[in-house]
Amino acid sequence: MPATFPDWLEPWLIDHLHARPQALLLLAEPAPGYQRIGVRLDNGEAVVVKRRPDRSGRTRGCVEAQRYCSEHGFPCAKPLTPSRVFDGVATHAEQWRPDGLPLSGADPNVAERFAQVLAGLGSLLTRVRARPLPNPIWVDWASDSSAGQPPGPVRQIAERASTRLASADLPLVLGHADWTAGNILWRGTRPWAVHNWDALAFLPEAALVGAAADGYAEAGLAPVSSAQRFIDAYQSSRRRVFDADELRVAWAAGLWVAAHRAKDDAGRAVLAAQADARLELAGA
């Protein structure tokens with residue numbers, strides 16, 4: 001086996017897929033402790049093995065949901081094993097699904113396409129019983145009202161949004177909480193592969209939609225008009241209408257996530273420029 005493979009990989013593949021690795025297709029470490037390894041096996045199959053920290057066991061539910069969606073025609077890689085959690089580390093294998101490109105731009109037409117895919121996913125996830133908790137940190141406004149920001153205007157925005165979210169009393173649903181351009185790849189006009197299923201969260205539907213409406217744009221925070229188009233297109237695709245409280249929650253969730261992601265002066269400036277309009281829409 002090539003020296004570039006981690007020592008644990010071959011025994012794991014033999015135990016769980018009954019095959020040995022022959023060729024390396026991908027070796028990535030997108031975050032500390034997270035490994036994504038694409039290999040061609042001696043049975044001819046190509047797979048990706050993902051290993052990452054998981055103290056709570058939440059990845060079991062994420063992979064279960066991903067499997068269900070893949071088996072019902074949603075564009076994503078099909079898991080080939082459950083998530084196996086041992087000593088705070090989760091590992092699973094899934095189909096190799098290469099290619100596809102991010103959809104660039106933040107105009108309303110692009111927003112509508114992203115919203116339609118999210119709506120299709122939302123419909124499928126209503127049939128999945130998994131509850132992968134705790135929620136990812138970037139949508140955990142219940143635990144950190146400041147969104148990790150130092151004292152200043154952006155922290156104040158996050159705290160106002162968090163107060164609005166805390167006042168909501170809405171049903172919780174399963175949804176994708178990292179609906180960004182890099183996680184949804186396309187072949188032409190057709191969605192090809194939705195990634196980062198570890199980002200599933202259990203939140204009000206409107207909050208998931210609001211976070212996605214502000215996060216899909218490749219270059220950063222979407223314009224208010226595009227975020228509005230996203231929210232409208234989602235409702236149309238799901239054939240339901242958010243009430244006034246849900247709409248406020250959607251805008252508040254988008255604000256809080258935008259504050260969490262605003263890690264430099266440029267990002268904070270973009271958020272500050274839109275803050276008044278967004279706070280008004282959020283009722284915050």
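1. Two strands are said to pair if DSSP finds at least two bridges between them. Helices (H or I, at least four residues) and strands (E, at least two) are DSSP runs numbered from the N terminus. The structure is a predicted model, in which local features need pLDDT of at least 70 and side-chain atom pairs count only at pLDDT 80 or more, while totals for chains, interfaces and linings use all residues. Residues are numbered from 1 along each chain as its sequence is written, and side-chain values use heavy atoms, with hydrogens and water left out.

2. An open sheet is formed by three strands in the order 6-8-9, with antiparallel pairing. Its edges are strand 6 (101–102) and strand 9 (190–194), each of which pairs on one side only. Four bridges join strand 8 (residues 184–187) to strand 9 in the antiparallel sense; Arg187 stands opposite Arg190 in strand 9.

3. Helix 3 (residues 108–125) packs on this sheet and touches strand 8 and strand 9, where contact means heavy atoms within 4.5 Å. The direction of helix 3 makes about 110° with that of strand 8. Such angles run from 0 to 180 degrees between N-to-C directions, and axes are lines fitted to C-alpha atoms, for helices over the stretch in contact.

4. Strand 1 (residues 21–31) and strand 2 (residues 34–41) form an antiparallel pair over seven bridges. Leu24 has Val39 in strand 2 as its bridge partner. The two strands make a hairpin with two residues between them, and Gly33 in the turn has a positive phi of about 80°.

5. Helix 5 (residues 205–215) is mostly covered, with eleven of its eleven residues buried, that is, under 20% relative accessible area (1.4 Å probe, protein chains only). Among these buried residues are Glu205, Leu208, Val209 and Asp214. They belong to a set that packs against helix 3, strand 7 (172–176), strand 10 (200–204), helix 6 (224–238), helix 7 and helix 8.

6. The axes of helix 7 (residues 244–261) and helix 8 (residues 265–282) come within 8 Å and cross at roughly 155°. Helix 7 is therefore roughly antiparallel to helix 8, a term applied to angles over 145 degrees. The contact involves Leu247, Arg248, Trp251, Ala252, Leu255, Ala258 and Ala259 of helix 7, and Leu271, Arg278, Leu279, Leu281 and Ala282 of helix 8. These residues divide into ten nonpolar, no polar and two charged; Ala, Val, Leu, Ile, Met, Phe, Trp, Tyr, Cys and Pro count as nonpolar, Asp, Glu, Lys and Arg as charged, and the others, Gly among them, as polar.

Note on methods: Angles under 35 degrees count as roughly parallel, over 145 as roughly antiparallel, 65 to 115 as roughly perpendicular and the rest as oblique. Buried means under 20% relative accessible area, exposed over 50%, partly exposed in between (1.4 Å probe, protein chains only).
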